[in-house]
Amino acid sequence: MALGFYITGTGFTQERYDTTTAQLEEAGAGAPEGRISHVALETGGEIQVFDIWESQEAFDAFGATLVPILNAAGIELNEPMVARVHNEIKG
């Protein structure tokens, strides 16, 4: 069962997002196993993320790499909103 994760935080500017994605690439986690889709949204100077993952376990495994990178950058994430994916239409 796929899950959607809507993630917001404090201090997650576009510059920090770009740096974080580069660090994830360097760590071999730029396209993590189990992630189906990733969208970064910008509003009010802050990045928000909407991801679709195959499972909670896949998301949690990615977090082991992601969270230390975010913490080092001073980015504080809120608890993500998580929902079961009912349907996804591409295009």
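The model is a predicted one, in which local features need pLDDT of at least 70 and side-chain atom pairs count only at pLDDT 80 or more, while totals for chains, interfaces and linings use all residues. Residues are numbered from 1 along each chain as its sequence is written, and side-chain values use heavy atoms, with hydrogens and water left out.

## Overall fold

The protein chain contains two helices and six strands, and these follow one another along the sequence in the pattern β-β-α-β-β-α-β-β. Both kinds of element are DSSP runs numbered from the N terminus, with helices being H or I over at least four residues and strands being E over at least two. The C-alpha trace spans about 35 × 30 × 25 Å along its principal axes. A compact globule of 91 residues would have a radius of gyration near 12 Å, and the 13 Å of the protein chain agrees with that; the radius is taken over C-alpha atoms, and the globule rule is 2.2 Å times the number of residues to the power 0.38. Of the 91 residues, 30% count as buried, where buried means under 20% relative accessible area, exposed means over 50% and partly exposed lies in between, with a 1.4 Å probe and protein chains only.

## Aromatic contacts

Four aromatic pairs are found in a search of the whole structure. Rings of Phe, Tyr and Trp (its six-membered ring) pair if their centres lie within 6.5 Å, and planes under 30 degrees apart count as stacked, over 60 as edge-to-face and the rest as tilted. One of the pairs joins Phe-5 and Phe-59, whose ring centres are 3.9 Å apart with planes at 15°, so this pair is stacked. Because Phe-5 lies in strand 1 and Phe-59 in helix 2, the pair ties together parts that are 54 residues apart in sequence. Phe-5 is buried, at a relative accessible area of 0%, and Phe-59 also counts as buried, at 15%. The rings of Trp-53 and Phe-59 have centres 5.8 Å apart and planes at 75°, so that pair is edge-to-face; Trp-53 is itself buried, with a relative accessible area of 0%.

Phe-5, Trp-53, Phe-59 and Phe-62 form one aromatic cluster. Arg-35 lies over the face of Phe-62, at 5.9 Å from the ring centre, by the rule that NZ of Lys or CZ of Arg is within 6 Å of the ring centre and within 35 degrees of the ring normal.

## Pockets

On a 1 Å grid over the protein atoms alone, a pocket is an open set of points where a 1.4 Å probe fits, with protein on both sides within 12 Å along at least five of seven lines, and its lining residues have an atom within 4 Å of a point. Grid points are joined across faces, edges and corners, and a volume is the space filled by probe spheres set on the points.

| Pocket | Volume | Lining residues |
|---|---|---|
| Largest | about 280 Å³ | 16 residues |

In the largest pocket, Phe-59, Val-67, Leu-77, Asn-78 and Pro-80 lie nearest the centre. Helix 2 (56–72) supplies the largest share of this lining, with eight residues, and by class the lining has ten nonpolar, four polar and two charged residues. Here Ala, Val, Leu, Ile, Met, Phe, Trp, Tyr, Cys and Pro count as nonpolar, Asp, Glu, Lys and Arg as charged, and the others, Gly among them, as polar.

Two or more lining residues come from each of helix 1 (14–26), strand 3 (35–43), strand 4 (46–53) and helix 2, with helix 1 giving the most, five residues. This lining divides into ten nonpolar, four polar and three charged residues.

## Individual residues

Leu-77, in strand 5 (residues 76–77), is partly exposed, with a relative accessible area of 35%, and its C-alpha is separated by 5.9 Å from that of Thr-8, 69 residues away along the chain. Lys-90, in the segment after strand 6 (81–84), counts as exposed at 65% relative accessibility.
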